[in-house]
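Trainee: I'm new to this structure and could use a close look at one part of it. Could you pick a spot and then show me how to read the rest from there?

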Amino acid sequence: MITGRRMAAVDQNAAALGVTQKQLMESSGHAVARAVERLLEDERASHREGDRIDSDARDSSDPPRVCLVAGRGNNGGDAFVAARFLEGYDVTTVLVGRADAIGTRIARENWAALEAADHDLREIRDSRDASLPACDLVVDAMLGTGITGDLREPAASMAAEINAADAPVLSVDVPSGFDADDGDHATNGVEADHVVTFHDAKPGLEALSASLEVADIGIPAAAARFVGPGDCRLARPEARTGRGFVIGGGPYTGAPALAALAALRTGMELSFVAAPSTVAGEIASYSQDLIVQPYDGDVLTPEAVPNLVETAERYDDVVILGPGLGTADTTIEAVRAFLESYTGPAVVDADALGIVPNVDTDATLVCTPNTRELEGMGGPATDDPAAVADEIEAFARDLGHVVLVKGATDVITDGETTRLNRTGTPGMAVGGTGDLLAGITAGLLEHNVPLEAAAVGAYVNGRAGESVAADTHAGLLATDLLEAIPPALWGDDDE
């Protein structure tokens with residue numbers, strides 16, 4: 001099954017793969033027309049068997065009458081296409097709204113095609129015009145997924161007309177006014193007898209008594225498997241909020257700074273770095289945008305952990321644990337102590353990864369190993385994560401956390417669902433890009449479930465690298481990517 005939210009992302013991903021929205025609308029409209037034909041054939045067979053008396057005594061040789069009730073969005077566009085495939089029927093297409101207000105280009109094109117072919121078209125511009133012609137089947141294509149709540153006029157009056165009609169009702173994708181994700185139905189929504197939905201069943205449709213058909217409209221499996229612009233659109237923060245809290249530094253100072261700056265570039269309001277006092281000043285010198293909080297010592301030790309946990313949980317921080325920490329025994333023990341105590345969200349990277357399989361934690365973790373670190377955690381040994389995606393999925397399932405394995409093709413999995421990411425460039429093998437990925441993922445984890453945050457984090461990091469590589473080729477630096485993160489996440493070039 002697929003939610004309406006995910007379906008929108010898959011549609012956009014399909015377009016990025018070359019299967020355009022126009023192609024999908026053509027396939028959807030064809031599927032609607034075929035469903036209409038089957039239902040009317042069943043009706044005719046029922047009449048022949050004497051199960052039903054034709055109430056208006058129409059001549060049996062007359063073509064069946066179909067009324068397509070369409071909205072101004074792509075759901076209505078599906079009906080416009082269907083009308084072209086129903087040439088052998090007596091078809092009336094009723095637009096709920098004004099034709100000059102049809103909301104998408106492809107829907108407008110398909111309405112124009114009906115006008116040019118002299119189809120029977122009608123516009124319902126306000127509730128006073130709401131009416132249906134006599135028909136043998138009504139197709140409800142007013143509102144699709146993503147539209148919830150009670151219907152407004154003139155759709156409300158048209159829904160009442162549809163419900164009162166002496167004809168079966170076929171809804172396109174979902175009945176108008178129906179929430180496909182949770183099964184809630186508008187009090188004045190359409191009561192469908194049949195539903196033809198696309199690509200996959202929607203969770204809420206199980207609550208209907210209507211018959212359900214799932215039509216394959218040619219969306220490639222890759223649109224759901226590979227992370228794409230649709231996923232990115234869904235994951236974008238709608239407001240600047242959240243605090244990143246990097247626990248890193250000691251032997252290395254650039255890594256925590258890069259992670260913290262990437263979190264800011266991804267939309268976090270503040271970004272803190274907790275670091276040993278011996279290197280805190282050096283980390284702060286990388287950027288005035290960083291807030292550095294020193295603790296005693298030259299590496300992370302268990303003595304610092306209680307204050308770090310208390311700070312992170314008091315402010316509902318998203319923690320980034322690991323960049324630049326090093327592998328001193330006391331540091332590894334401190335990582336263990338932190339994870340045993342912390343209960344919030346965290347991205348775990350670099351030297352902190354090895355402890356994760358051996359610690360019980362209530363924290364919500366996204367682990368971001370490269371292939372060497374994955375093997376060190378007990379995962380499969382590989383130079384090509386995509387080739388062993390099933391094994392990585394099984395490893396994540398046993399681990400109980402989301403795993404993002406960095407490679408030429410990234411593998412992102414929660415042990416149940418696995419996504420692949422193909423963005424990036426060979427030049428990103430330079431040091432520091434993994435720290436950026438940790439920061440980007442943390443910024444997205446503030447607003448999204450872990451699997452989505454990790455998947456889109458990999459996509460955005462790779463997109464930023466691609467945009468920089470166009471200018472710098474093999475000479476790119478991790479710092480070059482920082483300014484490319486916002487366009488990669490919010491840019492319009494992923495439409």
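**Starting from one serine**

Mentor: Let's start at S171, which is buried, with a relative accessible area of 0%. Buried here means under 20% relative accessible area, exposed means over 50%, and partly exposed is in between, using a 1.4 Å probe and protein chains only. Before going on, keep in mind that this is a predicted model, where local features need pLDDT of at least 70, side-chain atom pairs count only at pLDDT 80 or more, and totals for chains, interfaces and linings use all residues. Residues are numbered from 1 along each chain as its sequence is written, and side-chain values use heavy atoms, with hydrogens and water left out.

S171 sits in strand β5, residues 169-172. Strands (E, at least two residues) and helices (H or I, at least four) are DSSP runs, numbered from the N terminus. What does the S171 side chain make a polar contact with? Its partner is the side chain of D140, at 2.7 Å. A polar contact is a pair of N or O atoms within 3.5 Å; within protein, one must be able to donate a hydrogen and the other to accept it, and residues adjacent in sequence count only if both atoms are side-chain atoms. Leaving out residues up to four places away in sequence, S171 touches D140, V190, A192, H194, V195 and V196, where contact means heavy atoms within 4.5 Å.

Now for a loop. For a sense of distance, E153 and P450 are 297 residues apart in sequence and 40 Å apart in space, C-alpha to C-alpha.

D316, between α10 (305-314) and β11 (318-321), has phi near 50°, a positive value in a residue other than glycine. A350, in the loop between β12 (345-348) and β13 (364-367), has a positive phi as well, near 55°, and is not a glycine either.

Some helices are well worth a click. In α3 (residues 74-84), nine of 11 residues are buried, including F80 and V81. Helix α8 (residues 254-265) has 10 of its 12 residues buried, among them L258, L261 and L264. From first C-alpha to last, α8 reaches 16 Å, close to the expected 16 Å; the expected span is 1.5 Å times one less than the number of residues. After α8 comes G267, with a positive phi near 115°. Then there is α15, whose 23 residues reach 32 Å, close to the 33 Å expected, and 17 of those 23 are buried.

α15 also leads us to the second largest pocket, as one of the elements giving two or more residues to its lining. That pocket has a volume of about 760 Å³, and the elements contributing like this are α12 (371-376), α14 (433-445) and α15 (450-472). The largest share, four residues, comes from α14. In total 32 residues line the pocket, with K406, M428, V430, T433 and G434 nearest its centre. A pocket, on a 1 Å grid over the protein atoms alone, is an open set of points where a 1.4 Å probe fits, with protein on both sides within 12 Å along at least five of seven lines, and lining residues have an atom within 4 Å of a point. Points are joined across faces, edges and corners, and the volume is the space filled by probe spheres set on them. The lining divides into 10 nonpolar, 14 polar and eight charged residues, with Ala, Val, Leu, Ile, Met, Phe, Trp, Tyr, Cys and Pro as nonpolar, Asp, Glu, Lys and Arg as charged, and the others, Gly among them, as polar.

Finally, zoom out. The protein has 17 helices and 16 strands, and its C-alpha trace spans about 95 × 45 × 40 Å along its principal axes. Of its 495 residues, 55% are buried. Among contacts between residues at least 6 apart in sequence, 68% join residues at least 24 apart.
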